[in-house]
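Let's walk through this chain together, one piece at a time.

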Amino acid sequence: MNNQYPIGQYEVPTNISNSDVSRWIADITSFPDQLKSILQNISDDQLSNQYREGSWDVRTLVHHMADSHLYGYQRTKLILTEDNPPVSTYKENEWVFLEDSKNDIEDSIQLITGVHNRWASILVNLSEPDLNRTMQHPDNGIVPLKQMLSLYAWHGKHHLEHIKIALS
């Protein structure tokens, strides 16, 4: 098993079907409950476990997912309210060294839960034209909302697997 990419590297989907979009929305919607289930009996010591040598530990992964998925939620709102808005990237490897990355993971679990609840409210009500709205990404060019959803669905599963590996 490849511990860096336990579910495989992200691949940009082509020929996106309605069932693909529905599956990704379901993945994003169910993510907080899956995360809470995995973390429900975790000890403080286990928060320092890594999924491979030199990787982020469980605590860092949880805080990273809160940061990243907040960004996904914000991008969704920008895409739906602006015409092909430019979006920025962020230096995730530097964000993890900021002071808030030492906070209790419950802060990020609450953030993830609230963001995903609000995000899901938007996603389940999208029309086909909404899903085809786009953003301008500095590295990836024009990205449709439905393609972006595939990335965040993958991202959640990717890091859930990392946590499972770290805790096994």
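The expected span here is 1.5 Å times one less than the number of residues in the helix. Of those 23 residues, 18 are buried, so H6 is largely enclosed by the rest of the structure. Buried means under 20% relative accessible area, exposed means over 50%, and partly exposed is in between (1.4 Å probe, protein chains only).

A word on what you are looking at: this is a predicted model, in which local features need pLDDT of at least 70 and side-chain atom pairs count only at pLDDT 80 or more, while totals for chains, interfaces and linings use all residues. Residues are numbered from 1 along each chain as its sequence is written, and side-chain values use heavy atoms, with hydrogens and water left out.

Now pick out Lys146, which sits in helix H6. Is Lys146 buried or exposed? Its relative accessibility is 14%, so Lys146 counts as buried. Setting aside neighbours within four places in sequence, Lys146 is in contact (heavy atoms within 4.5 Å) with Ile16, Val21, Trp24, Glu128, Leu131 and Asn132.

Next, look at Glu11, in the segment before helix H1 (18-39). Glu11 has 66% relative accessibility, so Glu11 counts as exposed. Glu11 and Trp154 are 143 residues apart in sequence, yet their C-alpha atoms are 9.2 Å apart in space.

Asn15 also belongs to the segment before H1. With a relative accessible area of 75%, Asn15 is exposed. The backbone is worth a look here, too: phi of Asn15 is positive, near 50°, in a residue other than glycine. Most residues other than glycine have a negative phi. Asn84 is another non-glycine residue with a positive phi, about 45°. You'll find Asn84 in the loop between H2 and helix H3 (92-95), where Asn84 is partly exposed, with a relative accessible area of 23%.

Helix H2 covers residues 58-81, and its 24 residues reach 35 Å from the first C-alpha to the last, close to the 34 Å expected at 1.5 Å a residue. How many residues of H2 are buried? The count is 17 of the 24, so H2 is largely enclosed by the rest of the structure.

Now zoom out to the whole chain. It has six helices and two strands, and from the N terminus on the elements run α-α-α-α-α-β-β-α. Helices (H or I, at least four residues) and strands (E, at least two) are DSSP runs, numbered from the N terminus.

For 168 residues, a compact globule would have a radius of gyration near 15 Å, and the chain has 16 Å, which agrees. That radius is taken over C-alpha atoms, and the globule rule is 2.2 Å times the number of residues to the power 0.38. Along the principal axes, the C-alpha atoms fill a box of roughly 45 × 30 × 25 Å. Buried residues make up 43% of the 168 residues. Among contacts between residues at least 6 apart in sequence, 78% join residues at least 24 apart.
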